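I opened my notebook and went through this structure one topic at a time. Here is what I looked up.

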Amino acid sequence: MIAVLQRVSEASVRVDGDVIGQIGAGLLVLLCAEKGDTDAVADKMLAKMLKLRIFSDEAGKMNRSVQDVGGGLLVVSQFTLAADVAGGNRPSFTQAAAPDEGRRLYEHFVAQAQKAHPEVQTGRFAADMKVALINDGPITIPLRMSA
């Protein structure tokens, strides 16, 4: 599973012009399930991102997690994170999970996030989404988890 975390002051996602998810300060999570990923991998990814200390403390050091600061999560599916561009100029997405499995893992991740964290918003799986954000820092962290 691949994720790109962006610490944001605010973020939102629109589908067909309508805002379907938005948060204030917190994490925008771009999430991609890969072939072979399991619920356990998704759970491991969620646990890591909820505890990742990338928010500033009183001294200005990155020493707090999204849970510590009470920030929101905006979770957006993005299969293009599995892009392989080694073979030419057109990306291959063969390592991304099949759509049904990708949806299942995304929904599992979101359900677990909603149990573990008070503010979780989402995009819409497989929709044409427009994501807006104000990256805070900027802080952008790539994560990859496997079994």
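**Entry 1: a pair to start with**

I began with Lys 130, which forms a salt bridge with Asp 128, the closest N and O atoms being 3.4 Å apart. I looked up the term: a salt bridge is a side-chain nitrogen of Lys or Arg within 4 Å of a carboxyl oxygen of Asp or Glu. Both Lys 130 and Asp 128 are exposed. My cut-offs for that are relative accessible area over 50% for exposed, under 20% for buried, and partly exposed in between, with a 1.4 Å probe and protein chains only.

Housekeeping before I go on: this is a predicted model, where local features need pLDDT of at least 70, side-chain atom pairs count only at pLDDT 80 or more, and totals for chains, interfaces and linings use all residues. Residues are numbered from 1 along each chain as its sequence is written, and side-chain values use heavy atoms, with hydrogens and water left out.

How many salt bridges does a search of the whole structure find? I got six. One of them joins the side chains of Asp 136 and Arg 7, at 3.4 Å from N to O. Asp 136 is in strand β8 and Arg 7 in strand β1, so this pair ties together parts that are 129 residues apart in sequence. Helices (H or I, at least four residues) and strands (E, at least two) are DSSP runs, numbered from the N terminus. Asp 136 counts as partly exposed because its relative accessibility is 30%, while Arg 7 counts as buried because its value is 8%.

I also found Asp 39, Glu 101 and Arg 104 linked in a network of salt bridges. Then there is Arg 64 with Glu 58, where the closest N and O atoms are 2.3 Å apart. Arg 64 has 28% relative accessibility, so I put it down as partly exposed. Glu 58 reaches 68%, so that one is exposed.

Next I checked Asp 57, in the loop between β4 (55-56) and β5 (62-64). Asp 57 is buried yet has no salt bridge. Which side chain of opposite charge is nearest to Asp 57? It is Arg 64, 6.2 Å away. For charge, Lys and Arg count as positive and Asp and Glu as negative, while His and the chain ends are not counted. The side chain of Asp 57 does have a polar contact of 3.5 Å with the side chain of Asn 63. A polar contact is a pair of N or O atoms within 3.5 Å; within protein, one must be able to donate a hydrogen and the other to accept it, and residues adjacent in sequence count only if both atoms are side-chain atoms.

Asp 37, in the loop between β3 and α1, is also buried with no salt bridge, and its nearest side chain of opposite charge is Arg 144, 7.6 Å away. A polar atom of the Asp 37 side chain lies 2.6 Å from the backbone nitrogen of Glu 34.

Most residues other than glycine have a negative phi, and most peptide bonds are trans. I noted some exceptions. Asp 16, in the loop between β1 (2-15) and β2 (18-23), has phi near 55 degrees. Asp 16 is exposed, because its relative accessible area is 74%. Ala 126 has a positive phi of about 65 degrees and sits in the loop between β7 (120-122) and β8. The peptide bond from Gly 137 to Pro 138 is cis, with omega near -5 degrees, and Pro 138 is in strand β8.

**Entry 2: the largest pocket**

Ala 126 turned up again here: with Ser 77, Gln 78, Phe 79 and Thr 80, it lies nearest the centre of the largest pocket, which is lined by 22 residues. β3 (26-32), β6 (72-77), α3 (99-116) and β8 (129-144) each supply at least two lining residues.

On a 1 Å grid over the protein atoms alone, a pocket is an open set of points where a 1.4 Å probe fits, with protein on both sides within 12 Å along at least five of seven lines; lining residues have an atom within 4 Å of a point.
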